[in-house]
Amino acid sequence: DPNRCFSDEDYKAIEGVTMVEGDSWRNAPLDVVVLGLKELPDDNAPLKHKHIYFAHCFKFQNGWKDILHQFRQGQGRLFDLEFLVNENGRRVAAFGRAAGFVGAAMGLLAFAV
């Protein structure tokens with residue numbers, strides 16, 4: 001994808017990174033934290049992992065109730081990046097060019113922990 005900030009090869013060049021097939025998170029161990037910046041598949045499957053991504057629930061956007069229901073149903077947890085706000089209540093993470101940088105920073109933090 002020409003719009004990506006980093007290619008698969010860039011990620012593979014980082015020591016300790018293992019690339020996996022798309023949607024493999026569904027069968028990952030329950031202690032795995034799923035980091036994603038795009039929408040989850042629209043299949044209403046229960047979500048059992050911890051997910052960190054832009055879930056579109058902040059402004060009650062289309063489908064937000066369904067997403068929350070999937071997490072309740074699967075006993076997973078959602079950490080919606082859109083709820084990150086500063087002391088004035090202003091969102092500090094948003095879609096657009098910055099979303100790729102947020103994902104890269106979170107990936108680096110995962111390796112540091």
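Reader: What makes up the largest share of the lining of the second largest pocket?

Author: Helix α2 does, with three residues; helices are DSSP runs of H or I of at least four residues, strands runs of E of at least two, numbered from the N terminus. The model is predicted: local features need pLDDT of at least 70, side-chain atom pairs pLDDT 80 or more, while totals for chains, interfaces and linings use all residues. Residues are numbered from 1 along each chain, and side-chain values use heavy atoms, without hydrogens and water.

Reader: How do you know which classes the lining of the second largest pocket has?

Author: Ala, Val, Leu, Ile, Met, Phe, Trp, Tyr, Cys and Pro count as nonpolar, Asp, Glu, Lys and Arg as charged, and the others, Gly among them, as polar. On that basis the lining has six nonpolar, five polar and three charged residues.

Reader: Why are β2 and β3 called paired?

Author: Pairing requires at least two bridges found by DSSP. Strands β2 (residues 50-53) and β3 (residues 77-80) have four, in the parallel sense, so they are a pair. Histidine 51 stands opposite leucine 78 in β3.

Reader: What makes the radius of gyration of the chain agree with a compact globule?

Author: The radius is taken over C-alpha atoms, and the globule rule is 2.2 Å times the number of residues to the power 0.38. For 113 residues a compact globule would have a value near 13 Å; the chain has 15 Å, which agrees.

Reader: What is the pattern of the chain along the sequence?

Author: The pattern is α-β-β-α-β-α, with three helices and three strands.
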